[in-house]
Amino acid sequence: MKMASVLPLLIIIVLSKVTTGHEVENSSKFPLVVSTWPFLEAVRAGWRAINGGLSSVDAVVEGCSACELLRCDGTVGPGGSPDENGESTIDALIMNGATMEVGAVAAMRYVKDGIKAARLVMLYTEHTMLAGDQASAFAISMGLPGPSNLSSTESMEKWAKWKENQCQPNFRKNVLPTNSCGPYHLKKDLYVGDKTCLVDNFCENFRMKSSHVDFHNHDTISMAIFDKSGHIAVGTSTNGASFKIPGRVGDGPIAGSSAYADDEVGACGATGDGDIMMRFLPCYQVVESMRLGMEPRRAAKDAISRIAKKFPNFVGAVFAVDKNGTHAGACYGWTFQYSVRSPGMDDVEVFTVYP
């Protein structure tokens, strides 16, 4: 898979005309819906819910559920991103920025409603996350439909073509055989110590390895909704990266990575190479930077640049929204779009951020 070209990090926000280096302020602040990507129907669903008087948490559920039902880009909800075994699984998160409560499910099988399952964890347990088959069992016991087959004709065809291509590309490393579907075994004579690499070029290859993530195999809906009083909730849903190793959990259900919210400060949503991004908690970084006085544009750029410095071939993006409704975005390795609906808009508007 060809990696997107790596360009200097710039922030350019576009809406009918180009405005460079400035955040976009909403003349009528709230309610406000912001989402990764041009998931227009999802944003409209969230807007109808929040404008109709639902809480920000319930509105996020409505918005993300719409994306799951529509199978946005094939990477949200059931029916996409098969793992090595051809199975689709769900990661999802919801966070209440007023109470800092979080509910999440990870590597959930057999249940289609990721965001609703995450809300059940938040509302009816004292836990933050449930994972795997036990997350599925909990969700079903609490009334969600299941067990269901999360695969689709499209996902199984995609998986079959990948198998025909000797399971390439995949997420294995330092194993043999290198160009097959396994079974795999450990590569001998490999040791990585503190700043020491005993295999030729291993450190350089580790840092420069092309990402397997792009528009076609991994997206996340990450949505932030402010109610009329400025209370915030965020939510995410994804079926993860195509051909992931079974059991893999990405950044989607990790609070502070895929999304984060605090009524006192603002919110953030993220998308991209979750295996890399979750190591940096970019949305937590964005919110904390805004807490310290950074404008959203600078906070978003700073969070992304921290990752790019360590992993120059990663792809990812964030949007940042402060408590006043000012929003901005930053990206690296690809062109990013995020969607907004506010009282001053006739419909959802899409903002483009260039790397």
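Not counting residues up to four places away in sequence, Thr220 touches Thr36, Trp37, Phe39, Thr236, Ser237, Thr238, Ala270 and Thr271, where contact means heavy atoms within 4.5 Å. The model is predicted, so that local features need pLDDT of at least 70 and side-chain atom pairs count only at pLDDT 80 or more, whereas totals for chains, interfaces and linings use all residues. Residues are numbered from 1 along each chain as its sequence is written, and side-chain values use heavy atoms, with hydrogens and water left out.

Thr220 is the residue that UniProt lists, in an unreviewed entry, for "active site"; UniProt positions are given in the numbering used here, feature names are shortened, and annotations may be inferred rather than shown by experiment. The residue lies in the loop between helix H6 (202-208) and strand S11 (221-226), helices (H or I, at least four residues) and strands (E, at least two) being DSSP runs numbered from the N terminus. With a relative accessible area of 1%, Thr220 is buried, a class defined as under 20% relative accessible area, with exposed meaning over 50% and partly exposed in between (1.4 Å probe, protein chains only).

The feature "binding site", again from an unreviewed UniProt entry, is placed at Arg248, Val249, Gly250, Asp251, Thr271, Gly272, Asp273 and Gly274. Within this set, Gly272 belongs to strand S14 (residues 266-272) and is buried at a relative accessible area of 0%. Gly274 is part of helix H7 (residues 274-277) and is likewise buried, with a relative accessible area of 0%.

For the protein chain as a whole, the secondary structure comes to 9 helices and 18 strands, and 55% of its 355 residues count as buried. Among contacts between residues at least 6 apart in sequence, 66% join residues at least 24 apart. Leaving aside residues up to four places away in sequence, Met129 touches Ala104, Ala106, Val121, Pro253 and Ile254, and its 32% relative accessibility makes it partly exposed.

Helix packing was examined next. The axes of helix H1 (residues 40-51) and helix H2 (residues 56-70) come within 8 Å and cross at roughly 155 degrees, axes being lines fitted to C-alpha atoms, for helices over the stretch in contact, and angles running from 0 to 180 degrees between N-to-C directions. H1 is therefore roughly antiparallel to H2, on a scale in which angles under 35 degrees count as roughly parallel, over 145 as roughly antiparallel, 65 to 115 as roughly perpendicular and the rest as oblique. The contact is formed by Glu41, Ala42, Ala45, Gly46, Ala49 and Ile50 of H1 together with Ser56, Ala59, Glu62, Gly63, Ala66, Cys67 and Leu70 of H2. By class, the contact of H1 with H2 has 8 nonpolar, 3 polar and 2 charged residues; Ala, Val, Leu, Ile, Met, Phe, Trp, Tyr, Cys and Pro count as nonpolar, Asp, Glu, Lys and Arg as charged, and the others, Gly among them, as polar.

H2 also packs with helix H3 (residues 114-124), at an angle of about 150 degrees and with the axes 8 Å apart, which makes H2 roughly antiparallel to H3. In this pairing Val57, Asp58, Val61, Cys64, Ser65 and Glu68 of H2 meet Gly114, Ile115, Lys116, Arg119 and Met122 of H3, a contact that divides into 5 nonpolar, 2 polar and 4 charged residues.

Helix H8 (residues 282-291) and helix H9 (residues 296-310) have axes that come within 9 Å and cross at roughly 140 degrees, and H8 is accordingly oblique to H9. Here Pro282, Gln285, Val286, Ser289 and Met290 in H8 meet Pro296, Ala299, Ala300, Asp302, Ala303, Arg306 and Ile307 in H9, giving 8 nonpolar, 2 polar and 2 charged residues by class. Because 7 of its 10 residues are buried, H8 is largely enclosed by the rest of the structure. The buried residues of H8 are Pro282, Cys283, Val286, Val287, Glu288, Ser289 and Met290, and what covers them includes strand S13 (259-262), S14, H7, H9 and strand S15 (316-322). H8 is followed by Gly293, whose phi is positive, near 110 degrees.
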